Amino acid sequence: MTLPSSMNALILKQDGFGATRTGSAVDTLEPYLEYGSLPVPTPGRGQVLVKVRMASVNPSDLYFIKGEYGQPRIKGAAAGFEGVGDVVAGKGIYASYLKGKRVAFVGGINGSGAWADYILVEAALCVVIKPAMRDEDAAGHVVNPVTAWTMFDIVKASGSKSFIFTAAFSQLGKLMAGLARDNGYAMIAVIRKESQAAHLTELGAGHVLLQSDPEFASKLAALMKSEKPRILLDAVANQIAADIFTAMPARARWIIYGKLDTEAPALREPGQLIFMNKTIEGYWLVNWFKRASIWQKLKTLRAVQNRFISGAWSTEVVATVKLADVMQELPAALSLGDGKVMIVP
């Protein structure tokens, strides 16, 4: 296969971090990205070049292009963290094995991103996708599904048969609801819109709390008494999450994996950290990949793919946008609903 010398890409217009924090909402992409041409990267040893089939749009992507993520932007590089595609070139033993295979991937190297025709990826970070798995599921195969699976391992190790999940109508929340139901756990889902409750219950959530409900605090207190959850999985990190943590029983863990709210919460009862052995910690999937053994990774990735193939999990896609149309169409597509938006070449 003869590779082209240039490719289409959505290119970052700024370096480093942004000066303000405004959250993941994006009304226009003009300040952050431009559609243009970049050279097709050449893989070095242990690297592969992937021809992108489909890339997902995650909140982390939106934080990143705005300079509000935990990693600095590189001006002139392609944006986009996650997707699925076909390996077309590579150097090294494992890279050569991957050539011609459909793989899921996360992140790029040397300024290479998924919102482009091609992406350069470390071969060790590619996941070979089974033929029966849809591109729509494979494109978001790692960030949300593997996070769900590894977070649920934390829940199982807590000793409680319940847990709390904020921003629960997210794609990750929907995956967690199914895992909870299938394993006999009660997920206490916290949501923003009443219209989200029925579908989340159908997917497997044991309890659904509407955060704007005047009786939210009393309903939460009742569930703390009956269910005794010890894990709070939180993507918002706002005052509501802090108050939920305060209401939780001894040895509770507030695990923050996102910061959807721009305001910092106040911890009203810091003494609980001392006298009730409560803890606050962060979760980043990258660290799990660094710590996990090869066997743990293979076991987890195999289990995740099997859930999608069996139909136990499914990626709910609300829009698919062509790469050339992203600048004009992505902001509107992101407002269509609580599902995934995908980008295709």
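Asp182 is partly exposed, with a relative accessible area of 40%; partly exposed covers the range between buried, under 20% relative accessible area, and exposed, over 50%, with a 1.4 Å probe and protein chains only. The model is a predicted one, in which local features need pLDDT of at least 70, side-chain atom pairs count only at pLDDT 80 or more, and totals for chains, interfaces and linings use all residues. Residues are numbered from 1 along each chain as its sequence is written, and side-chain values use heavy atoms, with hydrogens and water left out.

The side chain of Asp182 meets that of Arg307 in a salt bridge, at 2.9 Å from N to O. A salt bridge here is a side-chain nitrogen of Lys or Arg within 4 Å of a carboxyl oxygen of Asp or Glu. Asp182 belongs to helix H5 (residues 171-182) and Arg307 to helix H11 (residues 294-310), so the pair ties together parts that are 125 residues apart in sequence. Helices (H or I, at least four residues) and strands (E, at least two) are DSSP runs, numbered from the N terminus. Arg307 counts as buried, at 11% relative accessibility.

The whole structure holds 11 salt bridges. Arg53 takes part in one with Asp86, at 2.9 Å from N to O. Because Arg53 lies in strand S3 (residues 47-57) and Asp86 in strand S4 (residues 82-90), this pair ties together parts that are 33 residues apart in sequence. Arg53 also forms a salt bridge with Asp135, where the closest N and O atoms are 3.3 Å apart. Asp135 is in helix H3 (residues 135-138) and Arg53 in strand S3, so here the parts tied together are 82 residues apart in sequence. Arg53, Asp86 and Asp135 are linked with Arg102 in a network of salt bridges.

Gln196 sits in the loop between strand S9 (186-191) and helix H6 (197-203). Its relative accessibility is 3%, so Gln196 counts as buried. Not counting residues up to four places away in sequence, Gln196 touches Phe169, Ile191 and Asp338; contact means heavy atoms within 4.5 Å. Ser60 is located in helix H1 (residues 59-65) and counts as buried at 18% relative accessibility. Leaving aside neighbours within four places in sequence, Ser60 is in contact with Tyr69 and Phe81.

At the level of the chain, there are 12 helices and 15 strands. The C-alpha trace spans about 65 × 40 × 35 Å along its principal axes. The radius of gyration is 21 Å, which agrees with the value near 20 Å that a compact globule of 345 residues would have. This radius is taken over C-alpha atoms, and the globule rule is 2.2 Å times the number of residues to the power 0.38.

Buried residues make up 50% of the 345 residues. Among contacts between residues at least 6 apart in sequence, 69% join residues at least 24 apart. The protein chain exposes about 15500 Å², and carbon and sulfur atoms supply 55% of this area, as given by the Shrake-Rupley method with a 1.4 Å probe, where for residues only the protein chains shown count as cover.
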